[in-house]
Amino acid sequence: KGSKAIAATLKSEYLKKINFSNNQLGDKGCKAIATALKSEFLVEINFSNNGIGDEGAKAIAAVLKSTYVTNIDFSHNRIGDEGVKSLAAALNEIEIGTVNFSHNHIGDEGAEALLGDLERLSHTADINLSCNRIEAKSLPSSLQEKACSREIIFSFDERKIQGVIGIVSFLNSSVKVLDFSSNGIGDEEAQVFAQFLMKLSLERIDFSHNSIGDMGLSALAPELAKQESLIVMNFSHNQIGDEGAKVLALHVGMFPSLMRLE
């Protein structure tokens with residue numbers, strides 16, 4: 001009832017931003033609110049932390065095509081592959097700026113649909129898919145040419161090395177920001193990632209809160225030093241000892257643009 005009452009008051013054609021975060025809308029409430037989103041001036045919607053599942057996501061997707069939304073936040077919900085596939089198709093028809101689907105139930109199938117359908121987006125689009133159920137084992141290599149987003153944030157829920165390989169193998173030089181923080185990444189995964197750095201042109205990279213030690217950092221440091229545009233690098237809260245610190249110190253002077261190191 002509350003959702004329907006609020007929806008009735010939101011039918012202004014001049015509505016620009018809607019923030020319903022941290023409520024208990026659920027799918028039913030989301031469907032009610034969706035009827036009020038048909039505004040050509042609407043640019044930002046936030047439905048984070050509302051217990052929204054696939055049905056609610058589909059309801060929003062059905063009306064997104066008639067809006068000019070540039071920022072959308074569905075983080076901390078229960079959206080799975082079916083819901084995100086509907087949203088991906090809708091987002092492909094508007095000029096989106098940021099998409100936050102972190103902390104949902106999205107798997108490989110949903111991630112593939114989202115990243116595949118977003119191929120036409122501008123290079124300023126940011127995508128957050130952290131803390132989902134993405135293993136990245138089945139993401140096709142064809143996505144390498146489609147991943148045009150400027151910033152991509154992933155979490156593997158401490159999955160094995162195949163997940164890291166699956167993600168980094170489709171990234172290309174248009175990606176400028178990578179956040180792999182809090183993923184249980186160790187030396188072996190770091191060494192794999194180092195092999196793919198040559199095809200990237202990064203500005204920021206975050207490996208904080210992982211399990212990277214001296215061997216992993218020794219593999220990453222010389223490759224990261226070749227990143228001419230890298231300005232921020234974060235290796236805080238890892239397992240780096242004296243030897244790793246020495247290797248990093250040796251290469252710090254080789255970073256042409258580095259402004260911040262943690």
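Are F20 and F47 buried or exposed?

Author: Both F20 and F47 are buried, where buried means under 20% relative accessible area and exposed over 50%, with partly exposed in between (1.4 Å probe, protein chains only). The model is predicted: local features need pLDDT of at least 70, side-chain atom pairs count only at pLDDT 80 or more, and totals for chains, interfaces and linings use all residues. Residues are numbered from 1 along each chain as its sequence is written, and side-chain values use heavy atoms, with hydrogens and water left out.

Rings of Phe, Tyr and Trp (its six-membered ring) pair if their centres lie within 6.5 Å; planes under 30 degrees apart count as stacked, over 60 as edge-to-face and the rest as tilted. By this rule there are five aromatic pairs. One of them is F20 with F47, stacked at 5.9 Å centre to centre with 10° between the planes. This pair links distant parts of the chain, 27 residues apart: F20 is in the loop between β1 (17-19) and α2, and F47 in the loop between β2 (44-46) and α3. Here helices (H or I, at least four residues) and strands (E, at least two) are DSSP runs, numbered from the N terminus.

F47 also pairs with F74, again stacked, at 5.6 Å centre to centre and 15° between the planes. F74 lies in the loop between β3 (71-73) and α4 (81-91), so its pair with F47, from the loop between β2 and α3, ties together parts that are 27 residues apart in sequence. F74 is buried, as is F47. F20, F47, F74 and F101 form one aromatic cluster.
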